[in-house]
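Here is my note on this model. Please read it beside the coordinates.

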Amino acid sequence: MKNYHQLFTFARNALENAYAPYSRFRVGAAVEADDGRIYTGCNVENVSYPCGTCAEASAIAAMVCGGGKTIRRILITSDGSSLVTPCGACLQRIGEFADADTEILLADRTGIQQTFKIAELLPNAFKEF
Ligand code: THU
């Protein structure tokens with residue numbers, strides 16, 4: 001469980017840097033990639049609302065930029081009291097770099113509460129997992 005706790009800590013730290021002055025809803029994400037490294041992201045909003053990016057999108061971009069090829073697991077955590085499931089667009093982004101074993105971990109302030117496989121959240125995807 002060490003990796004899981006590490007992922008949680010990285011995502012919580014990323015959340016601290018979230019730029020969410022409009023929604024006031026901070027989100028942090030941490031990806032463990034096939035290279036064993038952890039890549040993080042936070043949501044970055046914009047005065048032109050549609051220009052904002054989700055935490056998952058920035059973590060995945062960091063992974064690709066750093067040379068990671070596949071997402072082993074991604075953890076998402078927020079400021080809110082309920083768990084944050086990735087939005088449809090982010091499921092598609094995760095799916096691009098996922099395989100059948102990829103885990104999506106949802107955490108509240110205290111730790112991981114729910115775990116999914118990509119095929120559970122993005123069933124009948126254009127890509128087969
Ligand atoms: N958000 C994420 O970063 N990830 C999600 O999975 C859901 C939503 C962000 C987008 C926006 O900045 C804020 O949360 C409120 O929707």
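**Fold and core**

1. Starting at the N terminus, the elements run α-β-β-α-β-α-β-β-α. That order holds 4 helices and 5 strands, taken as DSSP runs numbered from the N terminus (helices H or I, at least four residues; strands E, at least two).

2. This is a predicted model; local features need pLDDT of at least 70, side-chain atom pairs count only at pLDDT 80 or more, and totals for chains, interfaces and linings use all residues. Residues are numbered from 1 along each chain as its sequence is written, and side-chain values use heavy atoms, without hydrogens or water.

3. Of the 129 residues, 43% count as buried, meaning under 20% relative accessible area (1.4 Å probe, protein chains only).

4. The largest nonpolar core has 22 residues. Such a core is a set of buried Ala, Val, Leu, Ile, Met, Phe, Trp, Tyr and Cys residues joined through side-chain atoms within 4.5 Å. Val31, Ile71, Ile74, Ile76, Ile94, Ile104 and Ile118 touch the most other members. Elements giving two or more residues include strand S1 (27-33), helix H2 (55-66) and strand S3 (71-78). Apart from this core lies another, of 8 residues, among them Tyr4, Ala30, Leu75 and Leu105.

5. Beyond its neighbours within four places in sequence, Val31 is in contact (heavy atoms within 4.5 Å) with residues including Leu7, Ile60, Met63 and Ile71.

Terms used
Buried < 20%, exposed > 50% of the residue type's maximum accessible area, 1.4 Å probe, protein only.
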